[in-house]
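Got your viewer open and a selection tool ready? Here's a walk through the chain, stop by stop.

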Amino acid sequence: MRAVEFQEYGGPEVLTAVERAVPEPGPGQVSIDVAYAGVNFADLKARAEGYRVPSLPFRPGLEVSGRVRAVGAEVTGLRPGQEVAALTDRGGYAETVVAAAATVFPLPEGMDLRRAATLPTVLPTAHALVHEVGRLRAGETVLVQGAAGGIGTVVGQLAKAAGAGAVLGVVSTAAKAGYARRHGYDEVFVGPDFAAEVRRTTGGRGVDLALDPVGGDTFRRGLSALAVFGRLVSFGNASSAEPWQVGQPELYPSGRSVAGFSILALARTAPDALRALAERAFRTVTDGTVELPVTAEFPLAEAAEAHRLIGSRQSTGKLLLRVG
């Protein structure tokens, strides 16, 4: 089968097309003939920094859509030929991938394979940030970093549907601001110095919920932008800064709180909770609450071009690799 791997860390050029044996599912696993694979920022961090890479060579890819090829022992509810979306620990940049059955989801009625590839990481993550972890209530104000990215696109829509009083976004370039406004954002700030703008927009009050995938200085600015009793949810460290630490001096005076979320960690520690979360999140697409546009698509062999686009900070929405 065709696959894309890297044998050393570096820029997009280290991604190489290779031929590999078709993998077989073990107990509790499913093999999937891949139609589309999602491209995520975590794939770039794996290639450039070794993020979540246990050894080389390594094949990136955390989400796919396709058809079940074979099921391993002890797997129920899935059958060969069934159209599915799947969260994968790695390996999605390939014609066939093996995934734990607990993270393989039959497609909802009317869902096509192209759109399905956008769902496994983005939809459950966004839903958890707004509802399960962020616990947004009607009338509250939310601030979202990366508002024009895949997760940001969905969060804006979910927050609006939940009755947020104002949905504020932060983007890296002015060109992305209009895109974010079309997906639920009332106000969009450009660049890293957003804290003063947030205070101005909220009349000095601050926001009730801040969502941060960046870490480092951006995390600290988000914390400073919280209102009394505000919550911040960290869901990534795109800046590759040292892990954040926060304690009594930052939290006690205004009753603030900090939480975290990782869909990959949830898949390992609480797969039943992940499945229930994914089912709730997928319904927001089938009922029309959320639209997640595919803004760029590349053949599998051009995975490096997809990485270059994301790395340029010019991309919006969701990027896919066309495989099968």
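Start by selecting helix α1, residues 41-49, where D43, L44, K45, A46 and R47 are buried. Keep in mind throughout that this is a predicted model.

Carry on into the loop between α1 and β4 (63-71), and pick out P57. Show the backbone here: the peptide bond joining L56 and P57 is cis, with omega at about 0°.

Next, go for the rings. Colour Phe, Tyr and Trp if you like; the count of aromatic pairs comes to 4. Take F6 and Y9 to begin with: their ring centres are 6.0 Å apart and the planes meet at 55°, so this pair is tilted. Is F6 buried or exposed? F6 counts as buried, at 0% relative accessibility, while Y9 is partly exposed at 38%.

For another pair, select F105 and F282, which sit edge-to-face with 5.6 Å from centre to centre and 85° between the planes. This pair links distant parts of the chain: F105 belongs to strand β7 (residues 104-106) and F282 to helix α10 (residues 271-286), 177 residues apart. Both F105 and F282 are buried.

From there, hop to T88, in the loop between β5 (83-87) and β6 (96-100). Is T88 buried or exposed? Its relative accessibility is 2%, so T88 counts as buried. Which residues does T88 touch, leaving aside those up to four places away in sequence? Select G61, L62, E63, V64, V97, A99 and L264, and you have them.

E74 lies in the loop between β4 and β5, and its phi is near 70°, a positive value in a residue other than glycine. With 72% relative accessibility, E74 counts as exposed. Now jump to R313, in the loop between α11 and β15 (318-322). Phi is positive for R313 too, near 65°, and again the residue is not glycine. R313 is exposed, with a relative accessible area of 53%.

Finally, zoom out to the whole protein chain. Switch to cartoon and you're looking at 11 helices and 15 strands. The C-alpha trace spans about 60 × 40 × 35 Å along its principal axes. How does that fit with a compact globule? With 324 residues, such a globule would have a radius of gyration near 20 Å, and the chain's 19 Å agrees. Of the 324 residues, 53% count as buried. Among contacts between residues at least 6 apart in sequence, 70% join residues at least 24 apart.

Put on a surface to finish. The chain exposes about 13600 Å², with carbon and sulfur atoms supplying 50% of it. Colour by charge and you get 33 positive and 33 negative side chains, the centres of the two sets lying 4 Å apart.

Terms used
Residues numbered from 1 in each chain as written. Predicted model: local features only at pLDDT ≥ 70, side-chain atom pairs only at ≥ 80, totals over all residues. Heavy atoms only, no water. Helix = DSSP H or I, 4+ residues; strand = E, 2+ residues; numbered from the N terminus. Rg over C-alpha atoms; globule rule 2.2 N^0.38 Å. Buried < 20%, exposed > 50% of the residue type's maximum accessible area, 1.4 Å probe, protein only. Contact = heavy atoms within 4.5 Å. Areas by Shrake-Rupley, 256 points an atom, 1.4 Å probe, with all protein chains shown as cover. Lys, Arg positive; Asp, Glu negative; His and termini not counted. Charge placed at Lys NZ, Arg CZ, Asp CG, Glu CD. Phe/Tyr/Trp six-rings, centres within 6.5 Å; stacked < 30°, edge-to-face > 60°.
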